[in-house]
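Trainee: I would like to learn how to read a model like this one, feature by feature. Could you walk me through it?

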Amino acid sequence: MRVALITTGSRGDVQPFVALARALLVRRVDVWLAAPAAFAPLARAYDVAFRPLPVDPVGMLATEVGQRWIAGGRDPIAFLRGLRKLADPLGEDLADAMIGACDGADVVVYATLAFPAWHVADACGVPPREAARAQGGWGAAGLVTLAVGGAVLRRALPGAPADG
């Protein structure tokens with residue numbers, strides 16, 4: 001099985017996917033991580049194959065638009081509007097990078113903020129699965145099941161915990 005992991009955001013968004021990639025590698029799953037280019041050294045440090053995305057989360061948040069987005073607090077409408085203003089300029093470059101990240105995958109596991117990966121994977125005929133983060137953090141053993149709702153990777157991961 002070949003698994004593409006796709007995430008955007010800060011280290012707190014990327015590091016759990018590195019842990020997931022390591023858990024999959026131990027189980028001899030062919031896996032790679034697509035994330036902001038700045039995280040290539042993190043992936044390399046854990047021997048995780050890496051495909052860069054043209055996203056600079058730190059740079060984006062440092063802009064005026066990024067600062068307004070942060071200041072929006074917990075208002076979901078302001079959050080979505082701000083996210084759109086931040087993400088729109090990435091457009092085709094990000095879409096092209098996500099298409100490349102999905103190339104060769106049997107399944108795509110993506111983070112919530114990397115939701116365009118769902119559309120890309122679906123268009124490429126690859127099953128997309130949104131990763132879910134359990135309250136209280138990521139546990140490497142449970143993350144495999146959380147990330148794919150249990151069903152898709154369980155065939156390739158003997159002993160993976162059952163849903164529920």
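Trainee: How many helices and strands does the protein chain have?

Mentor: The count is nine helices and five strands. Of the 164 residues, 40% are buried. The chain exposes about 8900 Å², and carbon and sulfur atoms supply 56% of that area. Among contacts between residues at least 6 apart in sequence, 51% join residues at least 24 apart.

Trainee: Since the model is predicted, what is the mean pLDDT of the chain?

Mentor: The general idea comes first: where pLDDT is low, the predicted coordinates should not be read in detail. In this chain the mean pLDDT is 79, and 80% of the residues reach 70 or more. Over residues 134–164, however, the pLDDT is below 50, although this stretch has 52 contacts in the model beyond near neighbours in sequence.

Trainee: Now salt bridges. How many does the structure hold?

Mentor: The idea is that side chains of opposite charge can pair when their charged atoms come close. This structure holds three salt bridges. One of them joins the side chains of Asp106 and Arg2, at 2.9 Å from N to O. That pair links distant parts of the chain, 104 residues apart: Asp106 is in the loop between helix 6 and strand 4, and Arg2 is in strand 1. Asp106 is partly exposed at 32% relative accessibility, and Arg2 is partly exposed at 37%.

Trainee: And which residue pairs with Glu64?

Mentor: Glu64 forms a salt bridge with Arg68, at 2.9 Å from N to O. Both lie in helix 4 (residues 64–71), four residues apart, about one turn of the helix. Glu64 counts as exposed at 59% relative accessibility, whereas Arg68 is partly exposed at 45%. There is also a salt bridge between Asp88 and Arg84, at 3.3 Å; Asp88 is partly exposed at 48%, and Arg84 is exposed at 58%.

Trainee: How do I read which side of a helix faces inward? Which residues of helix 7 are buried?

Mentor: Look for the buried residues and ask where they fall around the axis. In helix 7 they are Ala117, Val120 and Ala121. Seen down the helix axis, these buried residues fall within an arc of 95°, so they line one face of helix 7. Their cover includes strand 1, helix 6 (91–102), strand 4 and strand 5 (128–130).

Trainee: Let's finish with loops. Is Thr8 buried or exposed?

Mentor: Thr8 counts as buried, at 9% relative accessibility, where buried means under 20%. Thr8 is in the loop between strand 1 (2–6) and helix 1 (11–26). Leaving aside neighbours within four places in sequence, Thr8 contacts Asp13, Pro36, Leu53, Val55, Leu113 and Ala114. Gly9 lies in the loop between strand 1 and helix 1 and is buried at 12%. With residues up to four places away left out, Gly9 touches Val14, Pro36, Phe39 and Pro57.

Trainee: Leu113 came up among the contacts of Thr8. Where is Leu113 found?

Mentor: Leu113 is in the loop between strand 4 (107–110) and helix 7 (116–123), and is partly exposed at 33%. Together with Phe79 and Leu80, Leu113 forms a nonpolar surface patch with about 250 Å² of accessible area.

Notes. Residues are numbered from 1 along each chain as its sequence is written. Side-chain values use heavy atoms; hydrogens and water are left out. Patches are made of residues with over 30% relative accessible area and no salt bridge: like charges are joined within 9 Å, nonpolar side chains (Val, Leu, Ile, Met, Phe, Trp, Tyr) within 5 Å. Accessible areas come from the Shrake-Rupley method with a 1.4 Å probe; for residues, only the protein chains shown count as cover. A salt bridge is a side-chain nitrogen of Lys or Arg within 4 Å of a carboxyl oxygen of Asp or Glu. Helices (H or I, at least four residues) and strands (E, at least two) are DSSP runs, numbered from the N terminus. Buried means under 20% relative accessible area, exposed over 50%, partly exposed in between (1.4 Å probe, protein chains only). pLDDT is the predictor's confidence in each residue, from 0 to 100. Contact means heavy atoms within 4.5 Å. The arc is that of the directions from the helix axis to the C-beta atoms.
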